[in-house]
Amino acid sequence: MQFGLFYEMQLPRPWEPGDEHRLYRECLEQVVLADQLGFDYVWEVEHHFLEEYSHSSAPEVFLAAAAARTQRIRLGHGIVQLPLEFNHTARVAERAATLDLLSDGRVDLGTGEASSVAELGGFGVEWDTKRDQWADHIEAVARMMVEEPFAGWDGKWLQMPPRNVVPKPLQKPHPPLWVACSRRETILLAAQCGIGALSFQFIEPERAASWVAEYESILASADCVPAGFAVNPRIAIVLPLMCHPDERTAVDRGLDSAHFFGYGLLHYYAFGTHRPARTDVWREFETNREEVGFRRAEAGRTGEPLDATFGDLGVLGLRGAIGTPDQVRSLLRRYEEAGIDQVIFMAQMGRIPHTQICESLELMGAEVIGEFAERHPERWERKCERLAPAIEAALARKAPPRATDEGYDFKAAGKA
């Protein structure tokens, strides 16, 4: 099993001048540290207008800065929003390929469609069309990175004439493709498209095992027609992280910020009313957390095995990998047994100070992730061997790269 870090760039109010600058510098320092400690991935989200919850609107810029400072850690878009109003499909392909070249082939391309009114409304994306747009664009972006020239596209949501989309990525045929999944149905869609599932739902290991089984069943069926020209059969899940030798200290350092993450998620996606540049999400969280259900006492119980959540509260009981190295290691072994390929940690969340985040990462590097890193190569090799026939059959169902008419050209405007 592999490990990553997930960045929303959370910045709760109150804000002081220079806070965003400090936040970005600290997050880059954390990625450099993670690279040295043996973490496998850094994932950077694309969100817009989600004050306090996420100040990460240009992930390609942050990941490029991370690429220049690191040697081995993979750089994941977690995710690029594909509806055309957010990002033109050709620009997604160009940026991913450029980053892949600059990082010596370390890019993973996660995509999604967005589901907050703040973002969809801000860019004028229709809720009822966003899934169809994603489905149209994910195949197009893969073809843009492979076809020379790209043979053009005449879909419902994207129309584009033939052009050679350059540069091409270093990884062939293209970087591994993923999709953001917040529901079981999207994980099954990922399997149908032959791409990795980035699960942003907080699920227990035993439930994750059933999702893995369903994913692999669909991957092995005739329903799987890859969106790209390679199959990425991985499933990743997300957990909050705060590791400390003393469990009570881990809870005191991490739980409130984990619950702020959950509260911010619900504020923007479920029940909140937001006034741009006026609403104080952190203050509302402190005032309303118990009423809403983020009960610190229940989720912060000590001396018990860890789970993604405590009790039957779902996200309201969010806990995850907040505990001692032994507790965290035990939880991660259960995800490994469930067949999860990667656990992505939310270490930068809420108001956890930079120094405490770094201490937690260092403890994970020293006492937790090593045993999983030792087992991963053999485990991954066995999985690839087991899924090889299904992947070969799926790729045989995929239409090959297309070629344009050799007579196609376009003329300059003649207006020097």
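## Burial and surface

In this predicted model, 58% of the 416 residues of the protein chain count as buried. The accessible surface of the protein chain comes to about 17,300 Å², and carbon and sulfur atoms hold 52% of that area.

Charged side chains number 44 positive and 63 negative in the protein chain. The centres of these two sets lie 2 Å apart.

## Overall fold

The protein chain contains 13 helices and 11 strands. Its C-alpha trace spans about 70 × 50 × 40 Å along the principal axes. For 416 residues, a compact globule would have a radius of gyration near 22 Å, and the 21 Å of the protein chain agrees with this.

Among contacts in the protein chain with a separation of 6 or more, 75% join residues 24 or more positions apart.

## Arg-234

Arg-234 is placed in the loop that runs between helix 7 (205-219) and strand 9 (235-243). Its relative accessibility is 18%, so Arg-234 counts as buried, the cut-off being under 20%.

Not counting residues up to four places away in sequence, Arg-234 touches Trp-178, Gly-196, Ala-197, Tyr-215, Asp-341, Trp-380 and Lys-383.

## His-267

His-267 belongs to helix 8, which covers residues 247-271. With a relative accessible area of 3%, His-267 is buried.

Neighbours within four places in sequence left aside, the contacts of His-267 are Gly-272, Thr-273, His-274, Thr-279, Val-281 and Glu-284.

## Thr-89

Thr-89 lies in helix 3, which is made up of residues 89-102. The relative accessible area of Thr-89 is 0%, and the residue is therefore buried.

Beyond its neighbours within four places in sequence, Thr-89 is in contact with Leu-84, His-137, Ala-140, Val-141, Met-144 and Leu-158.

Technical notes: Residues numbered from 1 in each chain as written. Predicted model: local features only at pLDDT ≥ 70, side-chain atom pairs only at ≥ 80, totals over all residues. Heavy atoms only, no water. Helix = DSSP H or I, 4+ residues; strand = E, 2+ residues; numbered from the N terminus. Rg over C-alpha atoms; globule rule 2.2 N^0.38 Å. Buried < 20%, exposed > 50% of the residue type's maximum accessible area, 1.4 Å probe, protein only. Contact = heavy atoms within 4.5 Å. Areas by Shrake-Rupley, 256 points an atom, 1.4 Å probe, with all protein chains shown as cover. Lys, Arg positive; Asp, Glu negative; His and termini not counted. Charge placed at Lys NZ, Arg CZ, Asp CG, Glu CD.
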